[in-house]
Amino acid sequence: MTYESNRNTEKELGALLDSFFDYQPKRGTFITDILADDANIYVTSEASGLTNQDINVSYKDEILTISGERKTASINETAQALRKERSVGPFERKFAVGEVDFDSAKAKIENGLLKIVLPKAENQKPKQLKIK
């Protein structure tokens, strides 16, 4: 086996592992970041051009679902498209977020981002044991 074939095999294996362990959404999908601290889970999704009427957020069986529809925004009905990169149509993303207090959750759209704060359920918050 040559050095070059080893490099190609290494690249192919790396790409396979990256695709398995580090999902990268395709262009046009609803791109989302999820962070957590001891008290909350923070979900931030790109929502450029969307309003609160275009997006639905639901929670069932520890799964957060963000769905909706991105409508065509046409500036001029008679103009011919030279390039179209913005996706349109329905979208849906599902995320396993564990047990949360969904009744106390908050969501808003700000500067083209959908921001959701999900308070963790009390039994999901870390607890300290005092040592005597």
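Student: How do β3 and β4 pair, parallel or antiparallel?

Tutor: Two strands pair if DSSP finds at least two bridges between them. Here β3 and β4 (residues 63–70) are antiparallel, with 6 bridges. Across that pairing, Asn56 sits opposite Ser67 in β4. The hairpin they make has 2 residues between the strands, and Asp61 there takes a positive phi near 55 degrees.

Student: What should I know about the model itself before going on?

Tutor: It's a predicted model, where local features need pLDDT of at least 70 and side-chain atom pairs count only at pLDDT 80 or more, while totals for chains, interfaces and linings use all residues. Residues are numbered from 1 along each chain as its sequence is written, and side-chain values use heavy atoms, with hydrogens and water left out.

Student: Which elements does the protein chain have?

Tutor: Helices (H or I, at least four residues) and strands (E, at least two) are DSSP runs, numbered from the N terminus. This chain has 1 helix and 7 strands, and the order from the N terminus is α-β-β-β-β-β-β-β.

Student: What is the strand order in the open sheet?

Tutor: Its 4 strands go β1-β2-β7-β6, with antiparallel pairing. β1 (32–36) and β6 are the edge strands, each pairing on one side only. Inside the sheet, 7 bridges join β2 (residues 40–46) to β7 (residues 113–119), and Glu46 stands opposite Leu113 in β7.

Student: And how do I read an aromatic pair?

Tutor: You describe a pair of aromatic rings by the distance of the centres and the angle of the planes. Rings of Phe, Tyr and Trp (its six-membered ring) pair if their centres lie within 6.5 Å; planes under 30 degrees apart are stacked, over 60 edge-to-face, and the rest tilted. By this rule there is 1 aromatic pair. Tyr59 and Phe102 form it, stacked at 5.5 Å centre to centre with 15 degrees between the planes. The two are 43 residues apart, with Tyr59 in β3 (residues 55–60) and Phe102 in the loop between β5 (89–96) and β6 (106–110).

Student: Why does Tyr59 count as partly exposed?

Tutor: Buried means under 20% relative accessible area, exposed over 50%, and partly exposed in between (1.4 Å probe, protein chains only). Tyr59 counts as partly exposed because its relative accessibility is 22%. Phe102 gets that label at 28%.

Student: What share of the protein chain is buried?

Tutor: Buried residues make up 21% of its 132 residues.
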